[in-house]
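Visitor: I would like a close look at one part of this model, with the criteria behind each term spelled out as we go.

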Amino acid sequence: MRAEPGRLYVRMRLSLLEQAFGHYRRSREHALAAADAVRSGRWSQIGSVTARLLAFDEGEALHGLIRAADWSSVEIARNSPLLAQQLYLTDRADMALDLIDAVFAKAADSEHLSYARANALRYTGRLDEATAEYERCLSLQPNYVHAHWALAYHQASDPPLSRIERIEKTQAALDPASPDQAYLHYALFKEYDAADDADSAWRHLMAGAQIKRRTLRYDSAAEQADFEAVMRSVDADFIHDPRSTLPNPDRVPIFVVGMPRTGTTLLERILGNQSRAAAGGELRDFNTALCLATDGFVPSSPTPAWLERLRAIDLAGVGDEYLRRTADRYAGGRYLIDKNPMNFAYAGHVAKALPQAKILCLRRNAMDACFSNLKELFTNAAYGYSYDQAELADHYARFSALCDHWQRAMPERFLTVDYEDLVSDPLSASDRIAGFCGLAFEPDSVDITRNRTAVATASSSQVRQPIHRRGVNAWRKYEAYLQPLQERLDRAASIGS
């Protein structure tokens with residue numbers, strides 16, 4: 001490296017090696033240096049380098065590198081499906097569409113690029129165009145597993161069940177032991193669910209969940225120990241340390257947390273409609289600031305060892321880094337909504353690092369919250385609890401306990417928001433939430449259909465609709481199958497009381 005500092009392969013190797021040793025800063029520095037090396041025209045490696053940048057939440061560097069690339073080159077065409085995905089997952093769906101269209105103008109049709117285009121259209125709210133593009137992807141490759149799954153969750157088939165035969169053909173063509181079978185089972189669940197065939201839907205949901213669960217290393221007992229450690233060590237005295245920095249009134253972050261699929265995106269859309277607030281999406285900047293301060297890869301759920309490590313850092317400096325990283329997102333307003341569910345376990349650290357911040361936690365009826373997680377196939381390993389009824393119930397119980405802990409420890413900073421209140425009386429609920437955050441409530445903010453910003457989450461299609469109550473008590477359609485979940489939740493509630 002001393003002899004050839006621009007040697008791309010060595011930079012990438014060193015970044016991975018430093019990560020293996022837990023050295024966040026040096027691993028990140030090598031990833032950024034690799035990006036500089038690619039700029040000389042080594043476009044065949046751009047996909048692997050941008051993936052490293054994504055691992056460090058270096059969105060601006062990633063966008064700049066893709067923007068600087070020669071979009072007419074064969075290598076960019078080869079990497080374009082991955083680059084487009086990285087763009088729309090980092091709030092650049094418009095740029096992703098530009099890249100895809102540029103490549104399509106010069107290259108033959110590609111099912112991978114068509115799938116990326118469909119996702120980008122979906123995330124930007126061009127729903128009918130997205131449906132047509134998913135169909136085009138499947139015409140290019142009828143056995144494209146992810147397209148079957150994404151289309152089923154995006155828009156109901158018309159007439160109902162009309163997609164079943166082709167999904168089953170793809171199942172038959174796929175290795176029965178392939179983890180990709182999970183995507184097809186979830187697609188079939190969604191198709192049968194939309195047609196009110198609960199028996200068939202449930203059979204496929206359970207088959208898909210079991211396949212997905214076998215691929216994960218989730219440890220429920222370890223998570224329980226982590227949450228208990230948080231409640232022991234991150235208490236009111238820790239949060240309200242008099243050495244905390246004074247609030248910065250010019251920039252006020254509003255953190256929206258909670259279990260996924262419980263209304264976090266809905267609340268973000270409402271608050272993002274306020275004239276003085278900007279919606280940031282699922283930002284990773286607080287985690288990145290912690291990683292930089294500790295020079296380590298901070299886990300999504302803090303272990304006892306990590307809690308001790310976090311005690312040794314300057315959290316005021318973490319807050320300053322977070323404000324620096326997010327400064328351009330305020331769009332001239334005073335408030336920024338950060339909707340990353342992973343911030344929930346670190347809410348006490350957020351409050352200490354950013355004394356001006358407000359934290360809103362969505363809580364939904366236990367059965368609805370758990371079922372909404374169970375019927376979602378998450379594309380990563382983040383929510384390992386969500387594929388088994390017992391693990392779901394246990395996670396919800398510890399989530400509720402930690403939510404109550406935060407409410408007691410910092411009532412002036414942390415507000416629990418009931419999903420049912422938000423959808424039943426959005427005006428009253430939003431008025432109360434805005435007042436808690438220091439916002440002057442604007443009643444037309446509850447019209448989420450006028451919010452045109454991109455959404456790259458599982459609810460990207462649903463949040464284009466007006467607020468409704470169809471999700472309340474949705475679990476009852478599968479009540480006969482959810483008895484193990486209900487009994488486990490009841491048992492946890494009786495122990496907690």
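Visitor: Is the crossing of α8 and α9 left-handed or right-handed?

Guide: The model is a predicted one, in which local features need pLDDT of at least 70 and side-chain atom pairs count only at pLDDT 80 or more, while totals for chains, interfaces and linings use all residues. Residues are numbered from 1 along each chain as its sequence is written, and side-chain values use heavy atoms, with hydrogens and water left out.

The crossing of α8 and α9 is left-handed, a label given when the near helix is turned anticlockwise from the far one by less than a right angle, with clockwise counted as right-handed. Helices here are DSSP runs of H or I with at least four residues, numbered from the N terminus, and on that basis α8 covers residues 127-140 and α9 covers residues 145-154. Their axes come within 10 Å and cross at roughly 155°, where an axis is a line fitted to C-alpha atoms over the stretch in contact and the angle, from 0 to 180 degrees, is taken between N-to-C directions. The two helices are therefore roughly antiparallel to each other, a term for angles over 145 degrees, whereas under 35 is roughly parallel, 65 to 115 roughly perpendicular and the rest oblique.

On the α8 side, the contact (heavy atoms within 4.5 Å) involves Leu127, Ala130, Thr131, Tyr134, Glu135, Cys137 and Leu138, which meet Ala147, His148, Ala150, Leu151 and His154 of α9. By class, these contact residues divide into 8 nonpolar, 3 polar and 1 charged, with Ala, Val, Leu, Ile, Met, Phe, Trp, Tyr, Cys and Pro taken as nonpolar, Asp, Glu, Lys and Arg as charged, and the others, Gly among them, as polar.

As background, most peptide bonds are trans, and most residues other than glycine have a negative phi.

Helix α4 (residues 59-68) and helix α5 (residues 74-88) have axes that come within 11 Å and cross at roughly 140°, which makes α4 oblique to α5, and the crossing here is left-handed. Leu62, His63 and Ile66 in α4 meet Leu83, Gln86 and Leu87 in α5, giving a contact with 4 nonpolar, 2 polar and no charged residues. In the loop between α5 and α6 (93-104) lies Asp91, whose phi is positive, near 65°, although the residue is not glycine.
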